[in-house]
Amino acid sequence: MTTKTLLKTGVFGAAAAALIALGTPASAQEPVTACLITKTDTNPFFVKMKEGATARAKELGVNLKSYAGKIDGDSESQVAAIETCIADGAKGLMITASDTKGIVPSIQKARDAGMLVIALDTPLEPADAADATFATDNRLAGKLIGQWAAATLGDKAKDAKIAFLDLTPSQPSVDVLRDQGFMEGFGIDVKDGNRIGDEDDARIVGHDITNGNEEGGRQAMENLLQKDPGINVVHTINEPAAAGAYEALKAFGIQDNVLIVSIDGGCPGVRNVADGAIGATSQQYPLQMAALGVEAIKTFAENGEKPKPTAGKDFVDTGVTLVTDKPAPGVESIDSRAGLGKCWG
């Protein structure tokens, strides 16, 4: 072989190698697709969750597709979204399930298709139907506001009249955990810790459904006041429901005689704490949940690694803090000014 031939061969070989090298990363750099499926796209909690996921997806080069139910409890739209994500070849999905039991067969389809499934905020039933759960410790969130309400009432707690403004009839796990946590904190015998409504404590006036929104909170509060106008403690599933409850109490002229407690920590809710409409709320951090979820899907797509739970728990704990301007002895809290520095929405 001549020197000229060797040069040609060498040049061709180098060029071919360069083309192969260029081709390899191009395919490796195809963006990972992830899906976010929330209960609604109007609740500030889920709005912030989407913002957190979108921002982190942009940073990591992940193609994020977002879906939501029409209202809290719209499981059919969530099922349809899962089917779309499977068809799109997504590597993973994050979901705040409206029906934590009924959605499980669709979740299993996604996992069978090789997707990583992360439950956000609301554990599935059973929890291991998802690969991981990134959430507030919802039982602790409920316990904190229960402890605060009991400590604030002092000796009067034994004669309290308590209304529970819950989420939906299907009793999703987030609803059960928050209710049962409140009861535990307040000193109520929980009975079956996996369901709502079997308690026999005489202080419970009743439970009603809000669908997690302001109008639902107002209507549920009116319904329970018809049962007992002497209600003086109101546990609400979230801050939109709490705002509706306050408006109903105000219409009856008894808002100053009732303690409202809630869970969320959104900016409107924390401002309601500052204004005195809500006595205390447990602040959670949806932006953190969703951002971590996107990171986990990216990692899974790259090396198959699944997220590990927080030590001592069966989920990844994203934190909770009690916010109140009327601190109670023995219950750790921050004030509304600090809460506004950490709020969302």
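Modeller: Two strands pair if DSSP finds at least two bridges between them. Please note that this is a predicted model. Strand β1 (residues 33-38) and strand β2 (residues 63-68) pair in the parallel sense, over six bridges.

Colleague: How does the chain cross from β1 to β2?

Modeller: The chain passes through helix α2 (residues 44-60), and this β-α-β crossover is right-handed.

Colleague: Which residue in β2 stands opposite threonine 33?

Modeller: Asparagine 63 stands opposite threonine 33. β1 also pairs with strand β3 (residues 92-95), in the parallel sense over four bridges; there, cysteine 35 stands opposite leucine 93.

Colleague: Are the residues of β1 buried or exposed?

Modeller: Six of the six are buried, so β1 is largely enclosed by the rest of the structure. Thr33, Cys35 and Ile37 point one way, and Ala34, Leu36 and Thr38 the other way.

Colleague: On to the disulfides. How many does the structure hold?

Modeller: It holds two disulfides. One joins cysteine 35 to cysteine 85, with an S to S distance of 2.3 Å. Cysteine 35 lies in β1 and cysteine 85 in helix α3 (residues 75-87), 50 residues apart.

Colleague: Which hand does that link have?

Modeller: The link of cysteine 35 and cysteine 85 is left-handed, with -120° about the S-S bond.

Colleague: And why is the disulfide of cysteine 267 and cysteine 343 right-handed?

Modeller: Because the torsion about its S-S bond is about 90°. The sulfur atoms of cysteine 267 and cysteine 343 are 2.0 Å apart.

Colleague: Is cysteine 343 buried or exposed?

Modeller: Cysteine 343 is buried, because its relative accessible area is 18% and buried means under 20%.

Terms used. Residues numbered from 1 in each chain as written. Predicted model: local features only at pLDDT ≥ 70, side-chain atom pairs only at ≥ 80, totals over all residues. Heavy atoms only, no water. Buried < 20%, exposed > 50% of the residue type's maximum accessible area, 1.4 Å probe, protein only. Helix = DSSP H or I, 4+ residues; strand = E, 2+ residues; numbered from the N terminus. Right-handed = clockwise from strand over helix to strand, strands pointing away. Disulfide = S-S within 2.5 Å.
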